[in-house]
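Please examine the sequence and the model below together with the numbered points that follow.

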Amino acid sequence: RHVLAIQDTTKINYQAHAGRVSGLGTVGNGTDLGFFLHPVLVVDAQSHACVGFAHLHLWQRRQGMAANYRQLPVERKESYRWISAIEAAGKRLTQAAKITVVADRQPHLFEMWQRLPDERTQLLIRASRDRALTTDTGARLFDWIGRQPIMGSYRIRLPKVAAVRSAHEALLHVRFAPVTIKRPRHGADPTAPEQLRLNIIEVIEDAQTVVAGEAPIDWRLLTTHTVTTLAQARQCIDWYCQRWHIEQLPRMKRQGLDVEASLLETGERLEKMVVMAAAAALRTLQLTLAREGQTQRPASDAFTADEIGLLHHLQPTLEGRTEKQKNPPPRQYAGLGCLDHRPTGRLERICLRTTTRTHYHAQRLAGILCHPARLATRPRSPRRRCVHTVAPRGSNRVSRQAIFGFQGALFLIMA
């Protein structure tokens, strides 16, 4: 199948714990302590389902930029991760018929376009540099594509991006054309070809649909895919929009997992913890997409056979009483979305039971596989409730951040 290999870099900042942590480099402003995480997320190009990680790269910045950085070979530059990560991911994606590498404006390496494309690997990257073109007039990329005729327009529903954009329907105008870019005079591999033939797609939002106070959509996408029709251009735009998936992963730093609040004190342990947190964030993303009906994937994507069996035994307490609130698919066809068709609050109550009184529930939940009737017939007392650290004080409800603890509690019980 055709998959999208989406890559991005995020920093993990531990400056708030600088007085007690050790073994960390610098991030951001060059003085804050922390390290970097660079994942390659695999998304099905057709169904847009998250398949998993093909590669995770962590590194620490131990020194500043060298004075001769531009003259260094690309293999000695920090930005080489954009090439090495895809090379490593490609070795794991041996069953993929086609791979499209998707990235935002950070990877502006000329060497990426030279080294990565092959018979099954294509690139789709948002342009960040106004590169020189091989034209008689000495035109630059951004100005040249802006003077080309609009090849088509269509409307798209844009999701909300915190502090960037509100959800709204946008009218997009599309231009596309083949271009030949020159090799940069400084910093590029001198053995690279002097020019490369690519295709560029420009996406501009109509001024009438721009929300007041917000920047309009203005994308210039370079790709090795063939783009000769509006349908092909729209397909590439749709693939680029799947970057939304990898943008959700950094939320683990702030919501639910809050890895930057960890009390671990060494860089090695913090890195291991972040890798485990990334796996949990991916699984949560898969469940969220399935819950919202955006993907139709089997439950085995996120759970083992034993965990699926336990969830089926827990199902009577999560389902509603009507047929509409129950899960219709038979067990052998259970999907991720079937695990969350329940009235609001039921999953949160399970979180409370499993995460706050595991010593009380462990024996009973461990026996559910043999005696599933126990869970459904246990008498409930309205005066008896659990208190969770993330629940509002004096409330029986727990915030949805506790859903992260649901999976962890199941794993602990089954271990």
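1. Strand S4 (residues 32-44) pairs with strand S5 (residues 50-59) in the antiparallel sense, over 8 bridges. Strands are DSSP runs of E with at least two residues, helices are runs of H or I with at least four, and both are numbered from the N terminus; two strands pair if DSSP finds at least two bridges between them. Leu41 has Phe53 in S5 as its bridge partner. The hairpin of S4 and S5 has 5 residues between the strands, and His48 takes a positive phi near 65° there.

2. This is a predicted model, in which local features need pLDDT of at least 70, side-chain atom pairs count only at pLDDT 80 or more, and totals for chains, interfaces and linings use all residues. Residues are numbered from 1 along each chain as its sequence is written, and side-chain values use heavy atoms, with hydrogens and water left out.

3. Which residues touch the most other members of the largest nonpolar core? They are Met112, Leu141, Val179 and Leu222, in a core of 39 residues. Helix H1 (residues 81-92) gives the most to this core, with 5 residues. A second, separate core of 31 residues includes Val43, Ala170, Val174 and Val227. A nonpolar core is a set of buried Ala, Val, Leu, Ile, Met, Phe, Trp, Tyr and Cys residues joined through side-chain atoms within 4.5 Å; buried means under 20% relative accessible area (1.4 Å probe, protein chains only).

4. Leu222 is in contact (heavy atoms within 4.5 Å) with residues including Trp113, Leu123, Leu141, Val179 and Ile200, not counting residues up to four places away in sequence.

Technical notes. Buried means under 20% relative accessible area, exposed over 50%, partly exposed in between (1.4 Å probe, protein chains only).
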